[in-house]
Amino acid sequence: MILIAPTPADDVSTFSSLCRFGDQWMISGDWNGDGVDGPGIVQESGAGLEWFLRNEPGSGAADVQFSFGPKGAMPVVGDWDGKSGDGVGVVLNTSKNLRWQLKNELELGAPDADFSFGASAADIPVTGNWDGRGPEGIGAVRNSGNNLQWQLRQTPDAGSPFTIFNHGAKGDGPQTGDWDGKNGDGIGSTHRATGLEWKLRDSAGAGSANRNFTFGNGKTDCQLTGDWNGDGIDTIGVVRIVDGTRQWQMRNSLNGGPADFTFTF
Ligand SMILES: [Ca+2]
Ligand SMILES: [Ca+2]
Ligand SMILES: [Ca+2]
Ligand SMILES: [Ca+2]
């Protein structure tokens with residue numbers, strides 16, 4: 001079981017598609033392939049990464065628990081084989097590049113894919129189905145001048161990006177999701193001010209944001225995206241440590257306002 005929530009809510013990363021409290025990453029995914037995203041926690045220890053995944057976005061125990069990936073790796077989530085929901089992966093920042101190790105099944109074992117994409121140190125990994133067809137794609141996002149530069153690939157393997165463009169401001173956290181429920185995943189960014197400021201674009205390319213709103217606390221919260229109600233539209237959520245407990249505050253629409261529902265996990 002997991003574990004007391006580690007302390008400081010101020011331990012959140014400022015430039016990442018990922019967010020963690022101490023040695024616990026907060027993630028989400030469709031672990032059972034029913035179209036609804038549930039929460040997950042990836043606990044890092046000396047032995048590596050331990051994954052605790054729950055199908056329902058609600059309070060309760062983990063449905064699946066397994067070890068995958070070494071200490072120091074970043075967790076990623078995606079439907080790498082285009083069936084049966086999301087798999088998991090880890091991305092290692094080697095001295096030369098980003099090395100991706102992806103696994104389709106949610107269990108202990110060797111990765112199904114092992115390849116390099118993206119630059120060491122400079123890049124943050126992102127995942128998304130950029131064309132809405134087949135397997136999940138991947139991407140690498142970096143600070144470039146005053147912008148975020150996105151390099152996206154349609155398939156989860158080594159090769160050249162199919163597109164390179166700027167979207168979002170330097171230092172903001174890249175976000176991905178199907179904000180309009182059609183044509184695959186779009187992009188966006190979160191900015192940490194007093195509030196957590198979301199800027200989302202429906203298509204994965206250059207251009208301005210289609211949606212602009214504030215949801216969450218910019219100083220204390222970890223951010224998440226996912227389809228919590230199975231309507232085909234990805235929305236948002238935050239995790240906040242309240243009295244030593246992880247409180248997940250989820251919203252089913254893409255605008256500001258109170259959480260539609262809250263749970264602990
Ligand atoms: Ca599910
Ligand atoms: Ca899959
Ligand atoms: Ca879309
Ligand atoms: Ca939804």
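In what order do the strands of the open sheet of four strands run, and with which pairing? The order is β14-β15-β16-β17, and the pairing is antiparallel. Strands here are DSSP runs of E with at least two residues, helices are runs of H or I with at least four, and both are numbered from the N terminus. Two strands pair if DSSP finds at least two bridges between them.

Before going further, a word on what you're looking at. This is a predicted model, where local features need pLDDT of at least 70, side-chain atom pairs count only at pLDDT 80 or more, and totals for chains, interfaces and linings use all residues. Residues are numbered from 1 along each chain as its sequence is written, while chains are lettered from A and ligands numbered from 1 in the order in which they are written. As for pLDDT, that's the predictor's confidence in each residue, from 0 to 100. Its mean over the chain is 93, and 94% of the residues reach 70 or more. Watch out for residues 7-11, though: pLDDT is below 50 there, and the stretch has 11 contacts in the model beyond near neighbours in sequence. A contact means that two C-beta atoms, placed from the backbone, lie within 7 Å.

Now the whole chain. You'll find 21 strands and zero helices. The C-alpha trace spans about 45 × 40 × 35 Å along its principal axes. The radius of gyration, taken over C-alpha atoms, is compared with a globule rule of 2.2 Å times the number of residues to the power 0.38. For 265 residues a compact globule would come out near 18 Å, and the chain's 17 Å agrees with that. Of the contacts with a separation of 6 or more, 36% join residues 24 or more positions apart. Buried residues make up 46% of the 265; a residue is buried if 20 or more other C-beta atoms lie within 10 Å of its own, exposed if 12 or fewer, and partly exposed in between, with C-beta atoms placed from the backbone.

Look for I187, which stands opposite R201 in β16.

Setting aside neighbours within four places in sequence, G218 is in contact with R192, A193, T194, G195, L196 and E197. G218 and T190 are 28 residues apart in sequence, and their C-alpha atoms are 9.0 Å apart.

On to a second open sheet, this one of five strands, in the order β1-β2-β3-β4-β5 and again with antiparallel pairing. Here β1 and β5 (64-67) stand at the edges with a single partner strand each, so each has one side without a neighbour in the sheet. The twist averages 25° from one strand to the next.

Strand β2 (residues 24-29) is worth a stop: six of its six residues are buried. In a regular strand, side chains alternate between the two faces of the sheet. In β2, Q24, M26 and S28 point one way and W25, I27 and G29 the other, and all are buried. On one side, three bridges join β2 to β1 (residues 19-21), which runs antiparallel to it, and F21 has Q24 as its bridge partner. Two residues lie between these strands in the hairpin, where G22 takes a positive phi near 60°. β2 also pairs with β3 (residues 38-45), antiparallel over six bridges. There, W25 is partnered with V42 and Q24 with Q43.

Finally, find V64 in strand β5. With 16 C-beta neighbours inside 10 Å, V64 counts as partly exposed. Leaving aside neighbours within four places in sequence, V64 is in contact with W31, L53 and L106. V64 and R192 are 128 residues apart in sequence and 32 Å apart in space, C-alpha to C-alpha.

Technical notes
Axes are lines fitted to C-alpha atoms, for helices over the stretch in contact, and angles run from 0 to 180 degrees between N-to-C directions.
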